[in-house]
Amino acid sequence: MPRKARKARRLVADGHTYLWTLRHLHDDGRSCRQVLTLHRQPAGSGGSLRIVFAEGPDRYVPGGAPLGSGDVGYVRGASLNLHEPGAVRALLDVAAARGWQPDDRRRTEVDGWPLLEAAAALRAT
């Protein structure tokens, strides 16, 4: 049975539990974004982290065929599938290494593109 697309998924990393969701959004009816959101559990124990991948030159953020749902990447470079828990964990690790604090109770939104290559390299090891 396939999982429900809108249901949050659980991820445990470094002793913390997160619920995460992925949404494909359109800003103006044409411009696409993939938004990965992680919520620290239990609720109230930390703020959420939103990692946003916006469409742009030499980048792809498809909503499906011919590329897979959840795929983001550079046309000639690194890519990730944001439906894969390992990709989500790699992005979380890179965001934390670059200063995001899971204990901070504020919602943080970051551009995912500066995290992509390092996260893809983590996945490759």
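Modeller: Start with helix H2. Its buried residues pack against E4, strand E5 (59-60), E6, strand E7 (79-81), H1 and strand E8 (108-111). This is a predicted model: local features need pLDDT of at least 70 and side-chain atom pairs count only at pLDDT 80 or more, while totals for chains, interfaces and linings use all residues. Residues are numbered from 1 along each chain as its sequence is written, and side-chain values use heavy atoms, with hydrogens and water left out.

Some terms first. Helices (H or I, at least four residues) and strands (E, at least two) are DSSP runs, numbered from the N terminus. Contact means heavy atoms within 4.5 Å. Buried means under 20% relative accessible area, exposed over 50%, and partly exposed in between, with a 1.4 Å probe and protein chains only.

Now the helix itself. The buried residues of H2 are Trp 113, Leu 115, Leu 116, Ala 119 and Ala 120. Seen down the axis of H2, these residues fall within an arc of 130°, so they line one face of the helix. That arc is taken from the directions from the helix axis to the C-beta atoms. At 1.5 Å a residue, the 12 residues of H2 should span 16 Å, and its end C-alpha atoms are 17 Å apart, which agrees. The expected span is 1.5 Å times one less than the number of residues.

Where does H2 lie? It sits across E4 and E8, running at about 100° to E4. For such angles, axes are lines fitted to C-alpha atoms, for helices over the stretch in contact, and values run from 0 to 180 degrees between N-to-C directions.

Look at the strands under it. Five of the six residues of E4 are buried, so E4 is largely enclosed by the rest of the structure. E4 and E8 pair in the parallel sense over four bridges; two strands pair if DSSP finds at least two bridges between them. Arg 50 stands opposite Glu 109 in E8. On another pairing, E3 and E4 run antiparallel over six bridges. There Gln 34 has Phe 53 in E4 as its bridge partner.

Now the whole sheet. It is open, has five strands in the order E1-E2-E3-E4-E8, and its pairing is mixed. E1 and E8 stand at the edges with a single partner strand each, so one side of each is left without a neighbour in the sheet. Neighbouring strands are turned by 25° against each other on average, direction ignored. H1 packs on this sheet and touches E1, E2, E3 and E4; its direction makes about 50° with that of E1.

What covers the buried residues of H1 includes E1, E2, E3, E4, E7 and H2. Those buried residues are Ala 87, Val 88, Ala 90, Leu 91, Leu 92, Val 94 and Ala 95. At 1.5 Å a residue, the 13 residues of H1 should span 18 Å, and its end C-alpha atoms are 18 Å apart, which agrees. After H1 comes Gly 99, with a positive phi near 115°.

Leu 80 touches Ala 87, Leu 91, Leu 116, Ala 119, Ala 120 and Arg 123, among others, leaving aside residues up to four places away in sequence.

That leads to the core. A nonpolar core is a set of buried Ala, Val, Leu, Ile, Met, Phe, Trp, Tyr and Cys residues joined through side-chain atoms within 4.5 Å. The largest one here has 30 residues, and Leu 38, Leu 80 and Leu 91 touch the most other members. At least two residues each come from strand E1 (9-13), strand E2 (16-26), strand E3 (32-41), strand E4 (49-54), strand E6 (71-74), helix H1 (85-97) and helix H2 (113-124). H1 gives the largest share, seven residues. In soluble globular proteins, nonpolar side chains tend to be buried together.

E1 and E2 pair in the antiparallel sense over five bridges. Val 12 stands opposite Thr 17 in E2. Their hairpin has two residues between the strands, and Asp 14 takes a positive phi near 50°. E2 and E3 are also antiparallel, over 10 bridges.
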